[in-house]
Amino acid sequence: MEESQEDLYWICNSGIEIITHPDSIIGLARKRDWIIKNVGRCFMLDADIDHLTRIYSERGEETHVNP
């Protein structure tokens with residue numbers, strides 16, 4: 001997230017590491033380039049995601065469907 005938004009993220013996400021990029025980096029592609037150069041390997045999720053679900057199963061694995 002942009003440096004100028006860091007304080008807002010701390011209010012809702014205290015206790016986690018927050019990495020900011022300069023406000024001058026605009027556009028998704030440029031932000032992802034910055035992340036690759038400065039963070040390295042990572043897994044990116046949007047800030048408004050409320051859950052993550054795997055949609056495949058391994059051979060022989062019991063499957064569960066959440067209503």
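This is a predicted model: local features need pLDDT of at least 70, side-chain atom pairs count only at pLDDT 80 or more; totals for chains, interfaces and linings use all residues.
A search of the whole structure finds one salt bridge. The partners are Glu2 and Lys31, whose closest N and O atoms are 2.9 Å apart. Because Glu2 lies in the segment before helix 1 (6-12) while Lys31 belongs to helix 2, this pair ties together parts that are 29 residues apart in sequence. The two partners can also be described by their accessibility. Glu2 has a relative accessibility of 17% and is therefore buried, since the limit for that class is under 20%. Lys31, with a relative accessibility of 24%, counts as partly exposed.

Helix 2 (28-38) also contributes to the largest pocket, where it supplies the largest share of the lining, namely five residues. This pocket holds about 950 Å³ of space. It is lined by 23 residues, and those closest to its centre are Met1, Ile19, Ile35, Met44 and Leu45.

One of these residues, Leu45, leads on to a feature of the surface. Together with Phe43, Ile49 and Leu52, Leu45 forms a nonpolar patch there, and the accessible area of the four residues together is about 460 Å².

The cysteines may be considered next. In general, a disulfide is a covalent bond between the sulfur atoms of two cysteines. A search of the whole structure for such pairs finds zero disulfides. Cys12 has a relative accessibility of 66% and therefore counts as exposed, the limit for that class being over 50%. Cys42, by contrast, is partly exposed, with a relative accessibility of 43%.

From C-alpha to C-alpha, Arg59 and Gly40 are 32 Å apart in space, and 19 residues separate their positions in sequence.

Terms used. Residues are numbered from 1 along each chain as its sequence is written. Side-chain values use heavy atoms; hydrogens and water are left out. A disulfide is a pair of cysteine sulfur atoms within 2.5 Å. Buried means under 20% relative accessible area, exposed over 50%, partly exposed in between (1.4 Å probe, protein chains only). Patches are made of residues with over 30% relative accessible area and no salt bridge: like charges are joined within 9 Å, nonpolar side chains (Val, Leu, Ile, Met, Phe, Trp, Tyr) within 5 Å. Accessible areas come from the Shrake-Rupley method with a 1.4 Å probe; for residues, only the protein chains shown count as cover. A salt bridge is a side-chain nitrogen of Lys or Arg within 4 Å of a carboxyl oxygen of Asp or Glu. Helices (H or I, at least four residues) and strands (E, at least two) are DSSP runs, numbered from the N terminus. On a 1 Å grid over the protein atoms alone, a cavity is a set of points where a 1.4 Å probe fits but cannot get out, and a pocket is an open set with protein on both sides within 12 Å along at least five of seven lines; lining residues have an atom within 4 Å of a point. Grid points are joined across faces, edges and corners, and a volume is the space filled by probe spheres set on the points.
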